[in-house]
Amino acid sequence: MEYKVINLLQTRELKAKFTKSEESILDFIEKNFDKIPKYSVVKLCEEAYASQASVNRVCKKLGFKGFSELKYSIEQDLEKMENSKNLSINNTFFYIENINFQDVQGIAEVIKENRKILIYGLGASQITASYLQRQLLYLGFQAIVVSEERMIEQFDDFILFILSSSGETLRVKHVAKKFKESGKTVVAITKSGSSLDEICNFTFTHNISIDKLDAISREQQLHMIIMVNELINRVQNG
């Protein structure tokens, strides 16, 4: 998102050169960014211990005609920042509301009882798989990320933990079915009602329609990360 003022203040990538007193004004504006729209130029001068001439020079070096135009641009920046924050909050709440948290305790108990865990995820889920592995290693579990079916077959006394947001990837379904048919335990974080949900012994599920998410949201795996965090909290704290 493009901001008119805050990026200039934070990066200071400006063509114009500023004196020390002008730099001090910039520092004050950045520190009190959300308050500046309520300031008059006189109040700013008093608070920043600066002259009105110095403030006007700073405004012009930033590319504005004067303090009034700077204030207006700061107001626009603040409005964009608030909208961006609200959008992020709404997106996060959407994910949380569509996670079936009642499922998590069962899978947490299985993990605590079986401290050797193979973690399998393809595509974007590989990011979540690596994250889950690190969390389990911190808690003292033996956690190994595997990417090939032949690697999985080498571990006899491990449970298989699959991460698949859709639960419909052919390779994932094949691996889960084959592992379970060998008499081993398969658990997963996946979509409720998916093929993978039906195959596994235990699952922690969500109700999000993956095909309706944009490409960036699918890659970010935010809902999967939230679910991993909840699972780790249950494993750690009971």
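This is a predicted model: local features need pLDDT of at least 70, side-chain atom pairs count only at pLDDT 80 or more; totals for chains, interfaces and linings use all residues.
Begin with helix H6, which runs over residues 104-113 and in which Val104, Ile107, Ala108, Val110 and Ile111 are buried. These residues lie on the same side of H6, because the arc they cover around the axis is only 160°. From there the buried residues of H6 pack against several elements, namely the strands S1 (116-121), S3 (159-163), S4 (186-191) and S5 (202-206), together with the helices H7 (125-138) and H12 (222-237).

Turn next to a pair of helices. Two packed helices are described by the angle between their axes and by the distance between the axes. For helix H2 (residues 20-31) and helix H4 (residues 52-61), the angle is about 75° and the axes are 10 Å apart, and H2 is therefore roughly perpendicular to H4. At this contact, Glu22, Ile25 and Leu26 of H2 meet Ser54, Val55, Arg57, Val58 and Lys61 of H4, a set of residues that divides into four nonpolar, one polar and three charged.

Finally, look at threonine 205, which is found in strand S5, one of the strands against which the buried residues of H6 pack. Threonine 205 counts as buried because its relative accessibility is 3%, and the cut-off for buried is under 20%. Its side chain makes a polar contact of 2.8 Å with the side chain of asparagine 100, and another, of 2.6 Å, with the side chain of aspartate 103. Leaving aside residues up to four places away in sequence, threonine 205 also touches others, among them Ile99, Thr190, Lys191 and Met227.

Definitions and conventions:
Residues are numbered from 1 along each chain as its sequence is written. Side-chain values use heavy atoms; hydrogens and water are left out. Buried means under 20% relative accessible area, exposed over 50%, partly exposed in between (1.4 Å probe, protein chains only). Helices (H or I, at least four residues) and strands (E, at least two) are DSSP runs, numbered from the N terminus. The arc is that of the directions from the helix axis to the C-beta atoms. Contact means heavy atoms within 4.5 Å. Axes are lines fitted to C-alpha atoms, for helices over the stretch in contact, and angles run from 0 to 180 degrees between N-to-C directions. Angles under 35 degrees count as roughly parallel, over 145 as roughly antiparallel, 65 to 115 as roughly perpendicular and the rest as oblique. Ala, Val, Leu, Ile, Met, Phe, Trp, Tyr, Cys and Pro count as nonpolar, Asp, Glu, Lys and Arg as charged, and the others, Gly among them, as polar. A polar contact is a pair of N or O atoms within 3.5 Å; within protein, one must be able to donate a hydrogen and the other to accept it, and residues adjacent in sequence count only if both atoms are side-chain atoms.
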